[in-house]
Amino acid sequence: MPINSTSPADELGMLCESQNQLSTRMEQLLSRFESLTMHLPLPTTPAAATAAAAQQASAFMPLIARVGANGVSTFTPPLSLQSHFPDVEAAVIAAIITHKFKVADLHKLDPTNRNKETAYTFNSSTNQFEVSHRAAREYKNPFSVLIPLMTYFKVLTFHINDNAAMHAFWDYSAHLLKLVAEYECFIALLPIDPTLPNPPIHPNTDPHANAPLASTKHLTPISSSLNKLAWAHYLQDYPDCTFVKLLLQIIRFGANLGFAGDCSTLQQCTNLKIAFANASTISAISADIANQVTNGCTHGLFDTPPFSNFRALPIRAVTCKRSSKVQRIHHLSWPDGSSVNNGIADSEATIIYDMVKQALNDLIASGPGSLMLKLDLEVAFRHIPVCQEDWPLLGFEWLGKLYFDVILAFGGRSALYIFNLFAEALHWILQCNIPARVHHYLNDSLKIFLLSIPHTVVNKSLEWAADLATQLGLRFQPSKIVGPDTCIEFLGLELDSIAMKVCLLPAKLKYLQDLTSLWAMHSSCTLRELDKLTGYLQFVSQVIPLSRAFI
C-alpha cells in the first residue's frame, strides 16, 4: 500500500496532536481515579482488632473487599492492598494510591527489575551522594513499560473497588502503542556532560546529488531501519539545517546515487569465478542473500527482470582479513566505459578523511595515561536506503534467480560519501554529548578522554554511545568494541597513551620489511604495482620519524 507523502511540518503537527491526546487521556484517567477515591467509604477497624492492626489499616491503605469479574464485591473476607499485591512494597502502594508515585520508581513494579539494589551517584556540585535512577534506563521504549504500568493500574483499580476502571488502562495503552507505531517514539538520552558546547559544521557534508528538495510529493517513501525522529532530535542544534534536511530526506525517500548515465540499459552478466570458488563460498553467499531478503535490504527471487532497465552486476566473493567471513561484493565498475560507476561523477565521491595526525595531536593534548575507546559500526552501508529510482542499477543474478538491493552497495563510487554523511552526523552528536575528543574514519570511531575524566564516566559514555546507536537505527559491533584502555589499535596503528607513542603493528611492520626487500630486486613494474607500493609507503610515513611522502 503506498504511503502518502507529508511535509516535516505536517508530521510535527500530527505528532504534537497525538501527544496532546495521550496527555488528555492520562489526565482524564487520573481524574476518574481521584473522583472515585473521594467517594470511597473508609471501612472501620473491627472492635476486636489491636492498636497495631488499626495503625496498619491507615486511611490511605484501607481494608477493601475483593472485586468480582463484573466490578461487584464478592462475599469474601476483606483483603488489604498489601495482601493482594504481596510482591509490591507497602511504601510503593501508598505512593500509587496517593498519586505521589515517581516515574523513576517504575522498576519497582516490574518483577524482572524490582530487586535491583539502590545505586548512588556522586554529585560534584553539592559534594553529596544521590540516588541514581540507573534502573529507569531499562525502559528504553514504550513497549518495555507495559508490565509495570499494568501493575500500577491494577493497584489503583483494586483500591477504588471499580474493575471497570481497567478499561481506561487498555484505552491508554492502545493509544500509546498507536503513537509508537506511527512515529517510532523513543526516549531521548540525556547528555553525559550537558555543559559541552556544540561543535562547528563538519566537513564532507555537501549534499551533492542529495540536495534537499523544495517538494517531495513526487518521491516514493521507502522503508528504513534508521529512525527519522531520533536523527532529527539529536541534530536539532546542528549549525547547518540544510545538512539535517538532506539526512532526513535520505531516511524517508532513500539516497540518490548521483548516476547520470543511460537509465534505459537492460544488462545481463556472468558472476566472477571467485564467487563459485568452493561449496562453502556458495553457501555463504546464498545465506547472505537470503538474510538480506528477509531483512528487506534485498528484493528478489524473480524469474524475469523486475524492471525494463534492470542492470545485473557481477558478484565476487571477498574473505575478510581477520575472519573467515565471506563478503559479497558487486562489480559496479563493469562493463568498463558504460558501468554504473562510470555514470557517477568523481565529485560525488570526494572525501577529506580525518587523518591519524589529528588524533595524535588530541592524544598529546589529553595527556599521558588518557583513556581511549574504539567503536565500529556493524554492516554500516546496509543501513542507508537507496531511492526507488536507482533500484534498477543495483541488480544481480544468483543461482538462476534475479535480485536487486535497496541499500547502498559496497563498491559503488558514491557509496562511501553517502554513508559518511551519516558518519559525520553521528560524530557531531557524540561530540556534543560525551566528554571526549572524537575521531572517525567511515565506520571506525575513536574517543580520546582527558586524563581528568574518571573511568566510570568513560564507561558511562560507552553505554550512552551504544544506546544512541540503537535509537538512531544503527549498531556498534560488540566484538569490535575496544577499551576503555591506554593502548588501542586504530586504523592499523597502535596508539599508546602511557608511552605516548604510535607505531606499526608487528604484522604490518613485517609486511613493510618484506615489501621493501622484494622491491629492491625489481627493475620494472606495472602502474598498479606502483600505486600499491606508494599507497602503503604513504600510510607508514605517518609513524616513521622524519619520513615524508611526496606524491
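## Terms and basis of the model

A residue is called buried when its relative accessible area is under 20%, exposed when it is over 50%, and partly exposed in between (1.4 Å probe, protein chains only). Helices (H or I, at least four residues) and strands (E, at least two) are DSSP runs, numbered from the N terminus.

The structure is a predicted model, in which local features need pLDDT of at least 70 and side-chain atom pairs count only at pLDDT 80 or more, while totals for chains, interfaces and linings use all residues. Residues are numbered from 1 along each chain as its sequence is written, and side-chain values use heavy atoms, with hydrogens and water left out.

## The chain as a whole

The chain contains 14 helices and 16 strands. Of its 551 residues, 42% are buried. Contact here means heavy atoms within 4.5 Å. Among the contacts in the chain with a separation of 6 or more, 74% are between residues 24 or more positions apart.

## Helix 4

Helix 4 (residues 90-97) is mostly covered, with six of its eight residues buried. These buried residues are Val92, Ile93, Ala94, Ala95, Ile96 and Ile97. They pack against helix 3 (81-84) and helix 5 (146-160). Histidine 99, which follows helix 4, has a positive phi near 60°.

The expected span is 1.5 Å times one less than the number of residues. The buried residues in helix 9 include Thr281, Ile285, Asp288, Ile289 and Gln292. They cover an arc of only 95° around the axis, which puts them on the same side of helix 9; the arc is that of the directions from the helix axis to the C-beta atoms. An α-helix has 3.6 residues a turn, so residues three or four places apart point the same way.

On the other side of helix 9, Ala279, Ser280 and Thr294 are exposed. The buried residues of helix 9 pack against strand 5 (298-302), strand 6 (315-319), strand 7 (326-330), strand 9 (395-398) and strand 10 (401-405). Glycine 296 follows helix 9 and has a positive phi, near 85°.

Threonine 298 is found in strand 5 and counts as buried, at 2% relative accessibility. Leaving aside neighbours within four places in sequence, threonine 298 is in contact with Gln292, Val293, Arg328, Phe396, Tyr403, Phe404, Asp405 and Val406. Threonine 298 and valine 406 are 108 residues apart in sequence, and their C-alpha atoms are 5.8 Å apart in space.

Leucine 301 also has its place in strand 5. Although it is not a glycine, leucine 301 has a positive phi of about 65°. Leucine 301 is exposed, with a relative accessible area of 55%.

## Helices 11 and 12

Two packed helices are described by the angle between their axes and the distance between the axes. The axes of helix 11 (residues 415-433) and helix 12 (residues 455-472) come within 11 Å and cross at roughly 140°. That makes helix 11 oblique to helix 12. Angles under 35 degrees count as roughly parallel, over 145 as roughly antiparallel, 65 to 115 as roughly perpendicular and the rest as oblique. Axes are lines fitted to C-alpha atoms, for helices over the stretch in contact, and angles run from 0 to 180 degrees between N-to-C directions.

Where the two helices meet, Leu426, Ile429, Leu430 and Asn433 in helix 11 are in contact with Trp464, Ala465, Leu468 and Leu472 in helix 12.

## Helix 14

The 14 residues of helix 14 (residues 527-540) should span 20 Å at 1.5 Å a residue, and the end C-alpha atoms are 20 Å apart, which agrees. Leu533, Tyr536, Phe539 and Val540 are the buried residues of helix 14. Seen down the axis of helix 14, they fall within an arc of 130°, so they line one face of the helix. Their cover includes strand 15 (493-496), strand 16 (501-504) and helix 13 (506-519).

## Backbone features in loops and strands

The peptide bond from tryptophan 334 to proline 335 is cis, with omega near -5°. Proline 335 is found in the loop between strand 7 and helix 10 (356-366). Glycine 483 and proline 484 are also joined by a cis peptide bond, with omega about 5°, and proline 484 lies in strand 13 (residues 482-485).
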